[in-house]
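Keep the structure open while you read, and follow along.

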Amino acid sequence: MDMSRIAKKLGFSESKQLILHAAELRRLADIQFDSSIIGIGEICKAIICLEIAASRMEVIFDHHAAVKLSGLFEKAYNRSFNSMQNSIGIKKKLHIRELAIQFGCIRLIPFVQKGLSLYKDRFIASLPPSRKASTDIMRPVFTAAGFYLCAKRHNLKIDKSKLIELAGTSEYEFSSVSASMTDLCFDVFGKTKEKRDSKEDNGNHDVLPEKRRVDDDGPLSDDGEERLACMKRKQMEKHVLEE
């Protein structure tokens, strides 16, 4: 199917530059990527090229419509997207606005933007001067983790597995980055534990001393969590510097 016809089905009939860029990507994919290995048809290949082009040009793209038009299940489409993008040597971009639209959380956009900016400043400030210039914290995993933490802080449910897939990362890397962000920017990414109900607090006055001591040990577990988060952050810093 012609690229312009597919673009029209996705609402880009007037976006000539986008269509031309997608056509270039398709020619590159024909040379460097054997789509038959993972069962990607020509229509699906064209759709993926359009989405990659839209991402590179920072144009809003309807991911759900693309998946539906491709005839694939979403997981299969995302795997095909990542495989093709890696094969033609294009760095994946993940935009906050696209995530917000896809997950229905438009109001999170300014919070995620602020959090990522703050994290970048604090993370780079913690590095020695010789490593600051070569550090890249703009990879998709950082955007995905920041988006997920902001959603969690605002009590919004997000499909974590789907977000990890979209970022093209692993569960381990996603968790490491999330821990690093929470540790450095708890004021924007962390979530304060819910306070006990006043009735429960009143009831604790009548509890035996032994039981109260167990409750009083709670802060120690928080320290443990802080130490664990610190260790994860150091591991993440090492991971980022090695990239």
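## A right-handed crossing

Start with helices H3 and H5, which cross in a right-handed way. Bear in mind as you look that this is a predicted model. H3 covers residues 42–56 and H5 covers residues 74–87. Their axes are 10 Å apart, and the two helices pack at an angle of about 70°. Angles of 65 to 115 degrees count as roughly perpendicular, so that is the label for H3 relative to H5.

Who does the touching? On the H3 side, the contact is made by Cys44, Lys45, Ile47, Ile48, Cys49, Glu51 and Ile52. On the H5 side, look for Tyr77, Ser80, Phe81, Met84 and Gln85. Sort the residues of this contact by class and you get eight nonpolar, two polar and two charged.

## H3 has another partner

By class, the contact of H3 with H4 has four nonpolar, two polar and one charged residues.

## Zooming in on Ser70

Is Ser70 buried or exposed? Its relative accessibility is 14%, and the cut-off for buried is under 20%, so Ser70 counts as buried.

What does the side chain of Ser70 have beside it? One of its polar atoms lies 2.7 Å from the backbone oxygen of Val67. If you leave aside neighbours within four places in sequence, Ser70 is in contact with Cys44, Ile47 and Tyr77.

## Zooming back out

How many helices and strands does the protein chain have? There are 15 helices and zero strands. The chain has 243 residues, and 41% of them count as buried.

Finally, think about who touches whom along the sequence. Take the contacts in the chain with a separation of 6 or more: residues 24 or more positions apart account for 71% of them.

Conventions
Residues are numbered from 1 along each chain as its sequence is written. This is a predicted model: local features need pLDDT of at least 70, side-chain atom pairs count only at pLDDT 80 or more; totals for chains, interfaces and linings use all residues. Side-chain values use heavy atoms; hydrogens and water are left out. Axes are lines fitted to C-alpha atoms, for helices over the stretch in contact, and angles run from 0 to 180 degrees between N-to-C directions. Helices (H or I, at least four residues) and strands (E, at least two) are DSSP runs, numbered from the N terminus. Angles under 35 degrees count as roughly parallel, over 145 as roughly antiparallel, 65 to 115 as roughly perpendicular and the rest as oblique. A crossing is left-handed if the near helix is turned anticlockwise from the far one by less than a right angle, and right-handed if clockwise. Contact means heavy atoms within 4.5 Å. Ala, Val, Leu, Ile, Met, Phe, Trp, Tyr, Cys and Pro count as nonpolar, Asp, Glu, Lys and Arg as charged, and the others, Gly among them, as polar. Buried means under 20% relative accessible area, exposed over 50%, partly exposed in between (1.4 Å probe, protein chains only). A polar contact is a pair of N or O atoms within 3.5 Å; within protein, one must be able to donate a hydrogen and the other to accept it, and residues adjacent in sequence count only if both atoms are side-chain atoms.
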